Structure formats: structure tokens, C-alpha cells
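Colleague: Hi! Could you walk me through how the two chains meet here?

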Amino acid sequence: MRDVYIVGIGSTTFGRHADESIESLAVGAVVDALIESTVDRGDIGALYLGNFISGPLNGKEVLAGIVADRIGLPNVPCTKVEGACASGGIAFRHACMAVASGEVNAAIAVGVETMTHAPTKQTTAALNCAMDNENDGPSGLTFPGLFGLAWRMHADRFGTTREHVSAVVRKNKGNGLHNPLAQMGAELSDATIADSLPICDPIQLYDCCPTSDGAAAVVVVSKAVAEKLSATLKHPLVQVLAAVQTRGSPSIGGHADLISFDATVVAAQRAYELAGVSAQDIDLVELHDCFSIAEVIDSEDLGLVPRGQGGYWAHEGRTAVGGDVAINASGGLLAKGHPVGATGLGQVFEVVSQLRHTHPNQVQNARIGMTHNLGGAGVACTVSILRGVQ
Amino acid sequence: MTMQRCTNCKTTLTAAAVVCVNCLSREFENFDVPTEGHLVSWTTIRRAPAGYSATAPYNVVVVDLAPSIRVTGRLAPESPPPSMGGLVHQVGEENGCRLFVVAGI
């Protein structure tokens, strides 16, 4: 497989874009990435678009082709990919694979979702499509509920407390204050978090990511193209050391243990192997904190934190910017927002900014970064490892 | 209560199975499963999805009926409060959802 480099990134703010259509958001992010990359549109060989629910929420499909048409791309393959909350990460991986395989020399990955345009009930119903509705749906379970189940098990086994998990919320909301793309950064106290609306015990309002609109995009190219462009690029190159995708169980009963997602564990192992690095080499990670407790679980599944220690590490500040490993310096899904299909590409955008040393909440000397995107009840996962070429 | 399994290789299958995940056979048979199991975890749903609002708040439970049989269900409204690892009994089924109650002390 050939080496793959990221030469352009673009992102809208994450939050409410009430007056903008879904394709307009995607086009905005793609155009920013394209212009920054200095790649000629005629040289783009493929476009992958990550999106989850544009059908039920926007009444729009074939979005990949529509976005390509709006920006005047040539008649190249344009494909929408879907893996619920991991749709963006999957689009990124496919673009990387298209370049790595030698099929194309340059490709675009874009992720987009608009969730605030529809009534909340409609959005919730659409999101629940990512559940195994034959096995788990009839109980009346929700996604926050899934993580409520996981939290209780984590607490029972490792002594994780409300205060530990609140440390994740305070960190990510605080990080969000530094990120101009973030939807809801905030300075929160433990008392404010603990007094917030109960959603599904022990999950409370501040433990949940918001619903969001937004888009993010990247341009990936072969080594030969990257070297040719490096004279005109304003930013250092970022190399994709690994872009892995895995599958886990779609249903609760299929998970050996609800305090761990196999799809994440396996994806991380493969990514470390492909990249030739270990967890200790990771300076920062953007991981899938759809709920506060998810960050605890993900950080352990990725091997960044010892099993059972996720809450303790957050509480001790070891996952803050300046800590052992910076987790979600962007604010993560909790503060930056979670426009489902855009999230995975948003994570790549954040890590690339960090590796270029241009991030508004910069991790000092960031050299190697990771992204982690998880869909459904752990049914789809992507993990990427990126290296800044300084 | 019963569940289905593969007639050929006896692999336990969920209600959603189309073929046996082990041998791809389409021949299934029912077998008896215990109605008593251990509570793996639970959560109290206070913000319910469409169709469940009238029932909320309710407890969704994960129960191990046997070493390889983990199911999701709901606690019946009349059930005593749950505790981790505690015994629960299945008392019925409602719209495809198993209903449990916490076993009396």
C-alpha cells in the first residue's frame, strides 16, 4: 500500500445552522479543504461522504454526488457511506484506501449532518435506527440508556464515581471554550453537573453530547502528489500512518462485557501495528465521547489508560492538555458537538491542526495523534493514527 | 420461556437470527431457557423514545439467564428496586420485550 498524506482540511462550526442546507454545509467544508490543499479539482479521483440520516431528516440521498456536482468535480466515483456515528471516520478511511491502493492520487472525504432542522422527536427516532431494533429496541432502551448500563457496570467493578465522570465533563466543556468551532464550551462545577436533569440514571444532561449541524472535510493525496505540493502548501504535511475500520456486535447481548467495545479494542491494536507505534507514543487523541462515560471506556479500550483507570485519570488531570495524554482537546463531542456523520472528519480536522501546531488549544510538541469514531451500540468503529511531518 | 437455537449445531440464536451464525443453517428449534437470571446492569429511562413516553420512567435491564444467554428487558412496574448481580425472574413478555421482577429477599 502507498503512503497517504493529508494536505487540506476544512470545517464549519458545529452547532445550529438553521438557515443552511445540508449540501451547503458540506460544500463549504470541502471547498475550504480543497483551496487549502492547492489540489486542482480535475485531479480529484474520488469523493466519500459520511452521513447517517439525511434520508429521514432531510429527505435527501445521493448526497455524495450532489455535493460533487455543486463544486464541479469531474465524473469520478462519489459514494455516501454510513455507519451511524462512525460514518465520518468510515468516509475518511475509504478516501485513504483509494489513494493507498493506487486507484487514485487524490481523494476527498467529507462528513455532514443536520440534526436541529427536524423536530426533536423525529431526530431521536432517526438516531434510534442505529440500534438493533429486533433485539434491544423493544425494551425501550435509548443510546443514553446503553451508556447508563455501561456506567453502572464500570462503577460496580472499578469504583468509578459521579465525581470521576464529572471530571471528564468539566475537562471537555472547558476545552470547548478554547475552540471557536465548538458548540457549547462551558466552565462547569461538579455541583452544576450533579444537579443537572436526570436522563437515564446515572446519565444526566451534562453527560450527553448535544445534537448539532456541521460538516468537515479533508483532502488526501499520494506521497508523490504531496511532495509536488509541499512547495505551495502553507502548512506542514500530515501522514496517515493507519486508518482502520472494524465491526463489533450491534446488540447489547452480543458484547462480552458492556464496559468495553471489542470493535475499539481490535481497531486500536491493528492501528498500532500498522503505524508501528505504541499507545505511549500517542500525544493526543480525539475520541468518541458521545456520553461522558464513553470517554472513560474508550480511553481504556484504546490502551491509552489502564483498564478501570479512565475515571481516575480524568480526575487527576492526566488526560487534560499538558497531562500524560491529551484527550479531546477540541472539547470532544460533549462540547464541540456531534453532527453525527461529520464527527469522524471533525476529529481528523482537530488532530491535523494539532500536528501542524496551529490548534487554538495546542498540545505542546504534538507529533503523533489518534482519532476514534464509534457507531451504533459499538457495531462500527474507525481508528486512525496521524503523524505530523515537521 | 423458550429461545431458539440451531437444529444442526445447537448454537443459541437471538430472535432476529435469519441463519445460524455458526453453521449458516436455516433450521431452528425452540428450547427452554431459565426464567431466573442475574442482573448484569440496569438504567432508569426518564427520557423515553416514541411509543414509550407513557411508560416512563422505567428500568431497562440486562440479564444473564445462562452463561451464554444475555438478554435485554424491562423491570415490571411492580418490581422491587434492582441491585447489581441480584436475582430476577421473567414474569412475561410485552410487545417483544421480556418483563422481569426482582426476586424477593
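Colleague: Which residue forms a salt bridge with B:R46?

Modeller: That's A:D201, and the closest N and O atoms are 2.7 Å apart. A salt bridge here is a side-chain nitrogen of Lys or Arg within 4 Å of a carboxyl oxygen of Asp or Glu. The count between chain A and chain B is one. Bear in mind that this is a predicted model, where local features need pLDDT of at least 70 and side-chain atom pairs count only at pLDDT 80 or more, while totals for chains, interfaces and linings use all residues. Residues are numbered from 1 along each chain as its sequence is written, chains are lettered from A in the order in which they are written, and side-chain values use heavy atoms, leaving out hydrogens and water.

Colleague: Got it. What stands opposite A:D201 in strand 4 of chain B?

Modeller: B:T44 does. Strand 5 of chain A and strand 4 (residues 36-45) of chain B run antiparallel, joined by two bridges. Strands are DSSP runs of E, at least two residues, and helices are runs of H or I, at least four, numbered from the N terminus; two strands pair if DSSP finds at least two bridges between them.

Colleague: Switching topic: how many residues are in contact?

Modeller: 28 residues of chain A are in contact with 25 of chain B, contact meaning heavy atoms within 4.5 Å.

Colleague: And how much area do the chains bury between them?

Modeller: About 2,200 Å², with 58% of it on carbon and sulfur atoms. Buried area is the accessible area (1.4 Å probe) that two parts lose on being put together, summed over both.
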